[in-house]
Amino acid sequence: MTLTATPPSQTRPVQRQPRTTSQTSVARVRKTSTYILLIAGTAVFVIPFLWMLTTSLKTAQEVLAYPPKLLPATPQFDNYPTAWTSLPFTTFLINSIIITGLSVIGNLVSCVLPAYAFARLRARTRSAMFALMVATMAIPAEVTLVPTFIMFSKLNMVNTYWPLFLPAWFGYAFFIFLLRQFFRSIPQEITDAAAIDGAGHLRTLWSIFLPMSKPAIAAVAIFSFVGNWNNFLTPLIYLRTQNNFTLALGLSLFKGQYETQYNLMMAVGIISLLPILIVFFLAQRTFVEGVRLSGLGGR
């Protein structure tokens, strides 16, 4: 039996029906409304930041002036060095870097292992244990605040860094869930091939899962960094000595009983935001990809 190919001249190209005027107008309206919503959503986040930036360049009188003005008459760039040197913010910055760095490392180490176990290890109670872990996300942090403080106080860890980063080394349900969803998107055939080659679970996790899960790991690292960098409540509860304060806690020192230096507070606030902005813009693609794949990759 011989097979004959159809000559190119006899193939009929698929003809697309031209859009009608109504369809074109509907598409334009949808596109325009989408841009309007995006611009409105951007303004919601940008306008407070611009107000914060302009306030940091105002004098104390301009901050409290009525009606309020967006732009200062003469930008006061001296507010930044004045605010930074008025209190030991260099020490506060170092404290924030140490606490945040240890918390990020702890979250990565403590969340990767259970996420791999929930994604790949087989056990009868795996689903029940995973459901129980996810259910802990519904417990408010305020419920565990008092028992946790009592525990750390009995361990003589109050006014130290331990209560600020030690909980991160015991896992966080949301990060475990995020990594578990990403691990489940990795084909089972790859795990089986590694097992045939003699690789154990730790070797498989280190050599296969971690290199393939860089977007999800980056997302967890950014979430952990932002959450710990901006954390105010926990340092407020556990830290007593000013030299142990973090940046978030040091900003509150500008608020006095009778007067609040809003322009200096905003100046230091702008400086404290720079690490977050730098980390986010450098890892923006990896962060967005990790969130997207972690949310849609579960099977």
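Reader: Which residues line the largest cavity?

Author: The lining of the largest cavity is Ser96, Ile99, Thr100, Leu164, Asn228, Trp229, Asn231, Pro235 and Thr246. On a 1 Å grid over the protein atoms alone, a cavity is a set of points where a 1.4 Å probe fits but cannot get out; lining residues have an atom within 4 Å of a point. H4 and H11 are the elements that give two or more residues to this lining. H4 provides the largest share, three residues. Helices here are DSSP runs (H or I, at least four residues), numbered from the N terminus.

Reader: What kind of model is this, and how are residues numbered?

Author: This is a predicted model, with residues numbered from 1 along each chain as its sequence is written. Local features need pLDDT of at least 70, side-chain atom pairs count only at pLDDT 80 or more, totals for chains, interfaces and linings use all residues, and side-chain values use heavy atoms, without hydrogens and water.

Reader: What volume does the largest cavity have?

Author: About 70 Å³. A volume is the space filled by probe spheres set on the grid points, which are joined across faces, edges and corners. The structure holds one cavity of 30 Å³ or more.

Reader: How does the lining of the largest cavity divide by class?

Author: Four residues are nonpolar, five are polar and none is charged. Ala, Val, Leu, Ile, Met, Phe, Trp, Tyr, Cys and Pro count as nonpolar, Asp, Glu, Lys and Arg as charged, the others, Gly among them, as polar.

Reader: Now the pockets. What is the volume of the largest pocket?

Author: A pocket is an open set of points with protein on both sides within 12 Å along at least five of seven lines. The largest pocket has a volume of about 1,300 Å³. It is lined by 34 residues. Nearest its centre lie Ala141, Thr144, Pro167, Gly171 and Tyr172.

Reader: Which helices supply at least two residues of that lining?

Author: H4 (89-120), H6 (145-154), H7, H8 (173-184), H11 (214-229) and H12 (233-238). By class, the lining of the largest pocket has 22 nonpolar residues, 11 polar and one charged.

Reader: Which residues line the second largest pocket?

Author: Gly41, Thr42, Val44, Phe45, Val46, Pro48 and Phe49. Five are nonpolar, two are polar and none is charged. The volume of the second largest pocket is about 200 Å³.

Reader: How should I read helix packing?

Author: Two packed helices are described by the angle between their axes and the distance between the axes. For H8 and H11, the axes come within 9 Å and cross at roughly 165°. H8 and H11 are therefore roughly antiparallel (over 145 degrees). The axes of H9 (residues 188-196) and H10 (residues 201-212) come within 11 Å and cross at roughly 155°. So H9 is roughly antiparallel to H10.

Reader: Which peptide bond is cis?

Author: The one joining tyrosine 66 and proline 67, with omega about 0°. Proline 67 sits in the loop between H2 (60-63) and H3 (79-86). Check another backbone spot too: asparagine 156, not a glycine, has a positive phi of about 60°. Asparagine 156 lies in the loop between H6 and H7.

Reader: Where is confidence lowest?

Author: pLDDT is the predictor's confidence in each residue, from 0 to 100. Confidence is lowest in H15 (residues 284-296), at a mean of 61. Confidence is highest in H7 (residues 162-165), at 94. The chain averages 84, and 87% of the residues score at least 70. Where pLDDT is low, the predicted coordinates should not be read in detail.

Note on methods. Axes fitted to C-alpha atoms, helices over the stretch in contact; angles between N-to-C directions. Parallel < 35°, antiparallel > 145°, perpendicular 65-115°, else oblique.
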